Amino acid sequence: MLHPLLQQLRRSTLEPLQDIHWTPELFGILLVYFVQGAVGLARLATSFYLKDSLGLGPAQVAALMGFAVIPWTLKPLYGLLSDMLPLAGYRRRSYLLLSGLLGCGAWLGMALWAPTAEWAMLWMVLGSLAVAVGDVIVDSLVVERVHGSDWSGTGTLQSLSWGATAFGSLLTAYTGGALLAHYPPQVVFGLTALLPLLIALAAWVIVDQPVACSFGWDPLRQQVGQVWRALRQPSILLPVLFVFLWQATPSADVALFYFVTTDLGFGPEFLGQVRLVTSIASLVGVAIFQVYLRRIPLRPLFGWMTVLSAGLGLTSLILVYHLNRAWGIDDHWFSLGDSLVLTVAGQIAFMPVLVLAARLCPPGIEATLFALLMSAFNLAGFLSQELGSLLMHALGVTESDFSHLGLLLLLTNLSTLLPLPLLGWLPEGGTTLAGADLEAEAHASLEAFLREVRAEEDEAGMEAIPLGETDITYS
């Protein structure tokens with residue numbers, strides 16, 4: 001199994017990479033994606049800081065994590081500003097520089113002054129804003145590069161970009177937990193503050209021609225009109241609603257994090273090992289999609305991956321009810337295996353919609369259009385956290401009472417199946433379209449871009465990291 005996968009991966013990924021024009025700008029783009037994964041260095045530190053240092057319960061932490069998603073729901077605004085309001089004469093470079101400096105300041109704030117939940121939320125929101133702005137800009141740069149490339153080339157570039165994010169997460173996965181085992185969270189926050197400075201460094205290699213400020217009511221009305229006409233088309237609106245409903249189902253991630261750290265006694269170093277495993281699993285998921293699943297139509301792929309993810313998510317009940325102990329399987333080993341499988345499934349579900357997103361974006365307003373549906377899905381992520389918080393409160397799941405955690409996990413996993421009757425809202429073709437067929441569809445609906453992507457957060461590095469996590473929260 002592994003050897004054929006590696007052979008296929010070389011033919012379908014490594015060989016196409018030879019056709020990519022490697023430039024300093026491309027390396028700068030990949031560096032930004034790398035940092036988005038690497039800021040996960042502080043993920044465990046954030047979770048433990050909120051839980052232990054500030055004494056917050058799971059429902060409170062889930063609600064606070066939801067607020068950290070808010071900057072990601074405003075991504076069209078950042079795209080609009082980037083497209084129409086250059087800073088110092090530049091549409092992309094200046095915003096990347098601003099993103100890096102803001103991210104550095106936010107993590108320094110967490111390191112130096114976060115004595116209350118309110119202050120911690122402020123720094124988390126600012127840090128999330130920094131990554132969201134950088135994400136909009138670098139996504140628009142990728143979209144600009146894929147215009148004129150074929151379908152396979154687009155998929156290769158998307159896989160390369162998100163592979164860079166996974167690689168950044170991989171390098172810092174275990175380190176965050178290992179540092180936290182010996183140093184207070186503030187030290188980890190301070191080290192994380194250095195990473196966004198790499199985004200500021202990458203800004204200097206971005207090819208960005210100086211332009212005059214084009215801000216005004218007429219261009220603004222024109223762009224808003226283009227977006228509005230696109231959203232009114234059923235071929236766009238229905239897929240957006242489907243993915244929104246799919247993403248907005250309640251999450252039990254924070255409650256599971258409290259369970260494994262309080263009831264099972266998992267420490268930060270072991271959770272860092274789990275993060276390492278899941279980061280490797282993300283790369284495996286990218287590879288499996290690139291080799292085997294890249295041309296499967298979107299409807300069956302979404303359907304099967306939703307059912308599979310829901311079923312696999314229920315395996316956490318084995319850990320909650322300690323059934324693995326009766327089978328002679330240690331909690332740690334079971335958690336590692338469960339997390340690996342769930343992450344692979346989640347990454348596979350995440351990749352194909354990214355390809356569609358980049359391929360059908362019309363030129364000229366890339367940042368605004370690319371960000372629009374991402375924001376809708378991140379709004380769904382906010383609702384997912386808040387609904388999860390309300391469900392935890394209703395079931396009485398607290399930092400010390402996990403008697404109804406099994407019911408919480410059952411309800412949250414089964415809720416992901418609710419949108420399945422609406423699979424017909426997704427386009428029929430999806431990733432099976434290629435070459436001229438895809439170009440014909442894109443030309444026939446220039447304003448009808450398909451941004452059906454599952455938003456996963458992971459890039460902002462703010463959310464709790466429970467075992468068996470299947471969601472990528474921010475995109």
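**Close-up views of a predicted helical model**

**View 1. Helix α3 packs against helix α13 at an angle of about 75 degrees, with the two axes 12 Å apart.** The model is predicted. Helix α3 spans residues 43–53 and helix α13 spans residues 253–263. Because angles of 65 to 115 degrees count as roughly perpendicular, α3 is described as roughly perpendicular to α13. On the α3 side, the contact is formed by L44, S47, F48 and K51; α13 contributes F257, Y258, T261 and T262. Sorted by class, the residues in this contact comprise four nonpolar, three polar and one charged.

**View 2. The largest nonpolar core of the model contains 84 residues.** Within this core, L50 and M110 touch the most other members. Helix α7, covering residues 117–146, supplies the largest share of the core, with 11 residues.

**View 3. The whole chain, shown for orientation, has 21 helices and zero strands.** Of its 475 residues, 61% are buried. Among contacts in the chain with a separation of 6 or more, 87% join residues 24 or more positions apart. The chain exposes about 18200 Å², and carbon and sulfur atoms supply 69% of that area.

Notes: Residues numbered from 1 in each chain as written. Predicted model: local features only at pLDDT ≥ 70, side-chain atom pairs only at ≥ 80, totals over all residues. Heavy atoms only, no water. Core = buried A, V, L, I, M, F, W, Y, C linked by side-chain atoms within 4.5 Å. Buried < 20%, exposed > 50% of the residue type's maximum accessible area, 1.4 Å probe, protein only. Helix = DSSP H or I, 4+ residues; strand = E, 2+ residues; numbered from the N terminus. Axes fitted to C-alpha atoms, helices over the stretch in contact; angles between N-to-C directions. Parallel < 35°, antiparallel > 145°, perpendicular 65-115°, else oblique. Contact = heavy atoms within 4.5 Å. Nonpolar A, V, L, I, M, F, W, Y, C, P; charged D, E, K, R; others polar. Areas by Shrake-Rupley, 256 points an atom, 1.4 Å probe, with all protein chains shown as cover.
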